[in-house]
Amino acid sequence: MNVFKYFGIDDIRDLADRVLSGKPADLDARARLCEAAQATTSATGRELAELADALAAVWTGAAADAAVARLKTASGKRYEQAAQFAASAVSFRAVCIALVKVQGQARELVDTANRLGAALDRALSIADDAISVLSGAGIANWALKKATGVDLKAKAKEIVLDLTRPILDEALGLNSILEADIRAYERVLRAEAETIRTMPGIVRPDAGPVDQPGDADLRRDALFRSVYGRDPVSANDKLMAEALDLQGGDATNRDPNARVVVIRITPVPGAGVVHGSAFIGGDEVLNPKLDGTLFDKGDNRGFDRSARPDQSRVSFFVDYESGVVVVRQNASHASNGDVEVGNPSVGVEQDPAGRVRLRVDAANPLSPQIAQDANISVRGDVVIDPRGGHGPAEVNGKVTRFPSWEAYQTTNDGAHSTLLTRPEEAHPGGTGPLIGLPQPTVPVGEHPNTLTDWRTHHHPDHGHDTALDEILEFPTTRGDDFYDYPVDRSPYPSIDSNGHLVIPRGHPVG
C-alpha cells in the first residue's frame, strides 16, 4: 500500500524524483571540461607573455611599445579566463558532490518509505482482525453497544488510529528530512550557480546574474523549442514561452526558479490558449512563523488577463492548438527576506470531447510545518471545456476561497474572453490564508455540476461511500471533497538517454 496516499500527504518519491533525475556524471564532465579549458587558456596566456617579452627585447620604439602592451593585455585576459574556468570547475564539483550526497539520502529514505508501506499493510490487517473480533457474527453496532457498552464505530477508529499513527509520524518525518536535504542541496546549487553566472567571458563578455537585452527572449525561445520542436511565432506562442521560463520576474534573478509542470494533451484546433491563475490581491498576508516573521508578500494586483506568469501564486496555461498544458508555482516571499518555492501537485485528465480536468494542489513552502502537514494549500479542481474550438470555452469546478482566481481565453486570431473571475473572500488583517484555505473548496463557473458529473462518471470508485471509509478518513478532516477524487500526479519533464525532453501525457478518460 502507498502509505502517503493513505494518509493524504505528499509522497516522498515525488520529492526524490527531483534529485534522482540529476546526473552527477554530467556535472563531473563539465568540471573536467573546465579544467581542460583552464589548462589550455593558461598555456595561451603564458605563450603570449613570453612573446611580449621576446618582442620587447629585440624591438624598440612607439610601435613596439604598443604591440607589447597589446600582447600583455591579451595575456592578462587569458589568465583571468583561466582563473574563471578553474573556479567554474570547483563549482561544478561542489554541486556534483552535493547531488551525490542528496541522491544517496533520497534512496535510503525511499527504501524506508517502501518498508513503511509493508508496515501499514500489517497494521491494517491487525486492525481488521481486531475489529472482526469485536463485531462478532454481524451484530449491529447499536445492539453491541447496548449489550456490552462498546461503541464499535468509536472503538474501530481508535484501533486503526493507534496502529497507524506511528507510521504516519514516521512518514511525515521522512518528508521533513528529505525536504531539508533538498533545501541544503539547492543552497549549494544556487550559490555555485551564482559564482558561475557572475563570471564574464565564460558565456559572453557581459554575462551576469541580471538579464542583458535579449537574454530573456533567447532563453524562452530555447525552452519553447524544447517542448514544441519549433520557434515561437504567434502571440500565444510567446505567452507559452514566457510560461515555460523558470527564471521568474525578479530583477536580480536571485529567487529560486519556479516549479513548472508540462503535460501533453490532444489538441482542439480553434480553442487557442485558456490561461489563468490564483493570485493574492493584496500586498501582504498574515503567515506567522516561529522566528517572529508575521507576513508573506502578495501579488498586489487585480484581475488582469495580461498579467505575467510570475505575478501569481500559481498560474496555468492550456494550449489547445498544440496540445500542451503548463502549470507553474512561483516563489513565495516572507517579509524577513526568506524566499522559497513549493512543488505543486498537478493532475490532468482529458475526455474524447477535448475537455480537460485540471487538478492543482499548491502549498506555501513558507507556511509552518503543521499547516503543510494538514494539507492547507491553494487547491483547484476544474473542468475546462473548449467547446470544440467554437465560441468561448467554459471553466467549471471548485476552488479554494483564497486567493483570487481568474481564467481567460485567447484564440489565435487575437480574440479574448474572460471565463472566470472569483475574488478572494475578504478577511481582516490579511488573514485570508489562515481562514480561507482550511475551508472546503467552493463551486465556480456557470455549470459547477460539470465537475461532480465528471467525478462520478469517470471515478465511481472514488469518494467515501461507507461508514468504515468515514472512520478511516485521516488526517483530512475538513470535509473537502477535493481529496476524495484524486488524479495521479504528473511528473516533471525528464531527459532521455539521447538528450531529448520527455513530457508526460495527461490521463485519457471516457
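This is a predicted model: local features need pLDDT of at least 70, side-chain atom pairs count only at pLDDT 80 or more; totals for chains, interfaces and linings use all residues.
Let me begin with a term: a residue is called buried when its relative accessible area is under 20%, exposed when it is over 50%, and partly exposed in between, using a 1.4 Å probe and protein chains only. At 11% relative accessibility, C34 is therefore buried, and C96, at 13%, also counts as buried.

Residues are numbered from 1 along each chain as its sequence is written, and side-chain values use heavy atoms, with hydrogens and water left out.

To stay with cysteines for a moment, a disulfide is a pair of cysteine sulfur atoms within 2.5 Å. A search of the whole structure finds zero of them.

I turn now to the nonpolar cores. Such a core is a set of buried Ala, Val, Leu, Ile, Met, Phe, Trp, Tyr and Cys residues joined through side-chain atoms within 4.5 Å. The largest has 38 residues, and I167 and L178 touch the most other members. At least two residues of this core come from each of α1 (3-7), α2 (12-20), α3 (24-58), α4 (62-135) and α6 (152-197). Helix α4 gives the most, with 17 residues. These labels follow DSSP runs numbered from the N terminus: helices are H or I of at least four residues, and strands are E of at least two.

What does L178 contact, leaving aside its neighbours within four places in sequence? With contact meaning heavy atoms within 4.5 Å, the residues are I12, L15, A16, A106 and L109. A second, separate core of 34 residues includes Y320, V399, A407 and L419.

Next come the sheets. Two strands pair if DSSP finds at least two bridges between them.

Six of its six residues are buried, so β6 is largely enclosed by the rest of the structure. V324, V326 and R328 lie on one side, and V325, V327 and Q329 on the other. Strand β6 pairs with β1 in the antiparallel sense over six bridges, and V325 is the bridge partner of I263. Six bridges also join β6 to β5, again antiparallel, with S315 opposite R328. The hairpin of β5 and β6 has four residues between the strands, and G323 in the turn has a positive phi of about 75°.

At the other end of the order, β13 (residues 404-410) and β14 pair antiparallel over six bridges, and Q409 stands opposite S417.

Finally, another open sheet of six strands has mixed pairing and the order β15-β12-β11-β10-β9-β18. Here β10 (residues 356-362) and β11 (residues 378-385) run antiparallel, joined by seven bridges, and R359 has D381 as its bridge partner. Helix α11 (residues 449-458) lies across β9, β10, β11 and β12, running at about 90° to β11.

Terms used:
Axes are lines fitted to C-alpha atoms, for helices over the stretch in contact, and angles run from 0 to 180 degrees between N-to-C directions.
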